[in-house]
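Thanks for sending this one over.

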Amino acid sequence: MTADLIVQDVHPTLRHEERQALGSDLQGMLVDLADLALIGKQLHWNIQGPHFRSLHLQLDELIDVWRESSDRVAERAVMLGVAPDGRSQTIAQDSELSPPPAGPLPTREAVAYLTQALVEVITRARKRMEQTAEYDDVTNDLLIEVVGQLEQQHWMISVQLRG
């Protein structure tokens, strides 16, 4: 995680230290969501096999949600006076997700990979929720909403491994 957050004192009620802690959690969430969107596109382009079309379309829907969520997370950081860092170098450096396999990927393997990636992101996001609850209900509400979306996505992806 990038330790050099740029934090300006612009928020009317939160202390600098609180905004810095919130900014760190938001930056981590931004990295996870941006990386999920990139991973989703990689899978979208390279999946093949049974249920290709439905998974191909589902990935587009997931990517749209991850991009929208990352935008909301980054904008919340800005509201707190924290400069979000969504540069590709930062995402690559700070991501904790393992990259998907290169090249063509059977749909079942893509679903298994994405299921695991979502578990990892949800786990980190829940820890961030606990931390943000300490300082700011508005930021915490945003993370609660993001986690709810991620958990629904996990369910909708992981059920494809059953049966």
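1. Are helix 2 and helix 5 roughly parallel or roughly antiparallel to each other? Please keep in mind while looking that this is a predicted model. The two helices pack at an angle of about 170°, with axes 11 Å apart. Angles over 145 degrees count as roughly antiparallel, and helix 2 and helix 5 are therefore roughly antiparallel to each other.

2. From helix 2 they include Leu-55, Leu-62, Val-65, Trp-66 and Val-73, along with Arg-72 and Arg-76. Among their partners in helix 5 are Val-138, Leu-142, Val-146, Leu-150, Met-156 and Ile-157, as well as Glu-145. By class, the contact between helix 2 and helix 5 has 11 nonpolar, 5 polar and 3 charged residues.

3. Next, the pair at the start of the numbering. Helix 1 covers residues 16-46 and helix 2 covers residues 52-79; their axes come within 8 Å and cross at roughly 160°. Helix 1 and helix 2 are therefore roughly antiparallel to each other, and helix 1 passes helix 2 in a left-handed crossing.

4. The residues of helix 1 that meet helix 2 include Leu-26, Met-29, Leu-30, Leu-33 and Ala-37, with Gly-40, Lys-41 and His-44 also on the list. On the helix 2 side, Leu-59, Ile-63, Trp-66, Arg-67, Val-73 and Ala-77 are among those taking part. This contact has 14 nonpolar, 5 polar and 4 charged residues. Trp-66 deserves a click: this helix 2 residue belongs to the contact with helix 1 and also to the contact with helix 5.

5. Helix 4 and helix 5 (residues 137-158) pack at an angle of about 160°, and their axes are 9 Å apart. They are therefore roughly antiparallel to each other. Helix 4 passes helix 5 in a left-handed crossing. The residues in contact divide into 14 nonpolar, 7 polar and 4 charged.

6. The largest pocket has a volume of about 180 Å³. Its lining is made up of Pro-50, His-51, Ser-54, Leu-55, Thr-107, Arg-108, Val-111, Gln-160 and Leu-161. Helix 2 and helix 4 (107-133) are the elements that give two or more residues to this lining, and helix 4 gives the most, with 3. By class, the lining has 4 nonpolar, 4 polar and 1 charged residues. Leu-55 links two of my points, as it lines this pocket and also takes part in the contact of helix 2 with helix 5.

Technical notes:
Residues numbered from 1 in each chain as written. Predicted model: local features only at pLDDT ≥ 70, side-chain atom pairs only at ≥ 80, totals over all residues. Heavy atoms only, no water. Axes fitted to C-alpha atoms, helices over the stretch in contact; angles between N-to-C directions. Helix = DSSP H or I, 4+ residues; strand = E, 2+ residues; numbered from the N terminus. Parallel < 35°, antiparallel > 145°, perpendicular 65-115°, else oblique. Left-handed = near helix turned anticlockwise from the far one by under 90°. Contact = heavy atoms within 4.5 Å. Nonpolar A, V, L, I, M, F, W, Y, C, P; charged D, E, K, R; others polar. 1 Å grid on protein atoms, 1.4 Å probe; cavity = no way out; pocket = protein on both sides within 12 Å on 5 of 7 lines; lining within 4 Å. Points joined across faces, edges and corners; volume = space filled by probe spheres on them.
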